[in-house]
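Hi,

Here is the structure I promised to pass on. Have a look at it first, then read my notes below.

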Amino acid sequence: MITFQSAQEDEIELIYQLYRRCANTSRGSWDDEYPTLEFVKQDYAQQGLMTLKNERNEIIAAGAITSAEELKDLPRSTELHQPLELSRLGVDPKYQRQGYGRLLLHNLIEEVRRRHADGIQLLAASANIPALSLYRHTGFEEKGSFLMYGIDFILLEKRF
């Protein structure tokens, strides 16, 4: 049985290690320097760090739901007034291509709705074709593209 829940403090290091494994196979912006342990701690502190666990209680995927403050100054058109941002969605490489990314995203969307946001925003590296395909298939719309940190990103948004 797969469970979706808020991360516990003693899982921060495990999630960081999962992200490091994801960075080793990343097609996007993840590398030796991103994401850092500090980002994982910040996501936890904002009560936004979420996990997907298997029947053995192993974390197989994680992602964050946080304030969309850092995205508000990007030039784009939006009708959202109180969005939340999805970030750092990662599925352990040994569990990839088995539907867990879609399951994680679905659960994160439901959690955002539960938190009474009017939509979701996220940045995805334009080179991360699998992630972009998943987001588009789930109803996210492109709202602009931006060069940040030397990487081409696409801003995607889903309105409720």
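**The largest pocket**

The largest pocket has a volume of about 1400 Å³. Of the 48 residues lining that pocket, Trp30, Leu89, Asn128, Ala131 and Tyr135 come closest to its centre. Before going on, please keep in mind that this is a predicted model.

At least two lining residues each come from helix H2 (37-45), strand E3 (59-67), strand E4 (83-91), helix H3 (100-114), strand E5 (119-125), helix H4 (129-137) and strand E7 (151-159). E4 gives the largest share, with seven residues. Sorted by class, the lining holds 23 nonpolar, 16 polar and nine charged residues.

One of the residues closest to the pocket centre, Ala131, is found in helix H4. Ala131 is buried, at 14% relative accessible area.

As a bit of background, nonpolar side chains in soluble globular proteins tend to be buried together. Here, the largest nonpolar core has 26 residues, and Leu86, Tyr135, Phe140 and Leu156 have the most contacts inside it. Strand E2 (49-53), E3, E4, H3, E5, H4 and E7 each give two or more residues to this core. Its largest share comes from H3, which supplies six residues. There is also another core apart from this one, made of 13 residues, including Tyr16, Tyr19, Ala23 and Ala62.

Leaving out residues up to four places away in sequence, Leu156 touches Ile120, Gln121, Leu122, Ala124, Leu132, Tyr135, Phe140, Glu141 and Glu142.

**Helix H4**

Which residues of H4 are buried? They are Ala131, Leu132, Leu134 and Tyr135. Looking down the axis of H4, you will see its buried residues within an arc of 160 degrees, so they line one face of the helix. The face turned away from that buried side carries Ile129 and His137, which are exposed. Among the elements covering the buried residues of H4 are E4, H3, E5 and E7. After H4 comes glycine 139, with a positive phi near 100 degrees.

Valine 91 sits in strand E4. With a relative accessible area of 13%, Val91 counts as buried, because the cut-off for buried is under 20%. Beyond its neighbours within four places in sequence, Val91 is in contact with Cys22, Ile60, Ala61, Gln96, Tyr100 and Gly101. Threonine 51 is 40 residues away from Val91 along the chain, and their C-alpha atoms are separated by 9.8 Å.

Leucine 71 lies in the loop between E3 and E4. Is Leu71 buried or exposed? Leu71 is buried, at 1% relative accessibility. Its contacts, leaving aside neighbours within four places in sequence, are Arg76, Glu85, Gln121, Leu122, Leu123 and Leu155. Arginine 21, on the other hand, is 50 residues from Leu71 in sequence and 27 Å from it in space, C-alpha to C-alpha.

Most residues other than glycine have a negative phi, and most peptide bonds are trans. A few spots go against that pattern, and I have listed them here:

- Tyrosine 34 and proline 35 are joined by a cis peptide bond, with omega about -5 degrees. Pro35 is in the loop between helix H1 (12-24) and H2.
- Glutamine 47 is not a glycine, yet its phi is positive, near 55 degrees. Gln47 belongs to the loop between H2 and E2, and it is exposed, with 63% relative accessible area.
- Tyrosine 149 has a positive phi too, about 55 degrees, and is not a glycine either. You will find Tyr149 in the loop between strand E6 (141-148) and E7. At 72% relative accessibility, Tyr149 counts as exposed, because that is over the 50% cut-off.

Cheers

Technical notes: Residues are numbered from 1 along each chain as its sequence is written. This is a predicted model: local features need pLDDT of at least 70, side-chain atom pairs count only at pLDDT 80 or more; totals for chains, interfaces and linings use all residues. Side-chain values use heavy atoms; hydrogens and water are left out. On a 1 Å grid over the protein atoms alone, a cavity is a set of points where a 1.4 Å probe fits but cannot get out, and a pocket is an open set with protein on both sides within 12 Å along at least five of seven lines; lining residues have an atom within 4 Å of a point. Grid points are joined across faces, edges and corners, and a volume is the space filled by probe spheres set on the points. Helices (H or I, at least four residues) and strands (E, at least two) are DSSP runs, numbered from the N terminus. Ala, Val, Leu, Ile, Met, Phe, Trp, Tyr, Cys and Pro count as nonpolar, Asp, Glu, Lys and Arg as charged, and the others, Gly among them, as polar. A nonpolar core is a set of buried Ala, Val, Leu, Ile, Met, Phe, Trp, Tyr and Cys residues joined through side-chain atoms within 4.5 Å. Buried means under 20% relative accessible area, exposed over 50%, partly exposed in between (1.4 Å probe, protein chains only). Contact means heavy atoms within 4.5 Å. The arc is that of the directions from the helix axis to the C-beta atoms.
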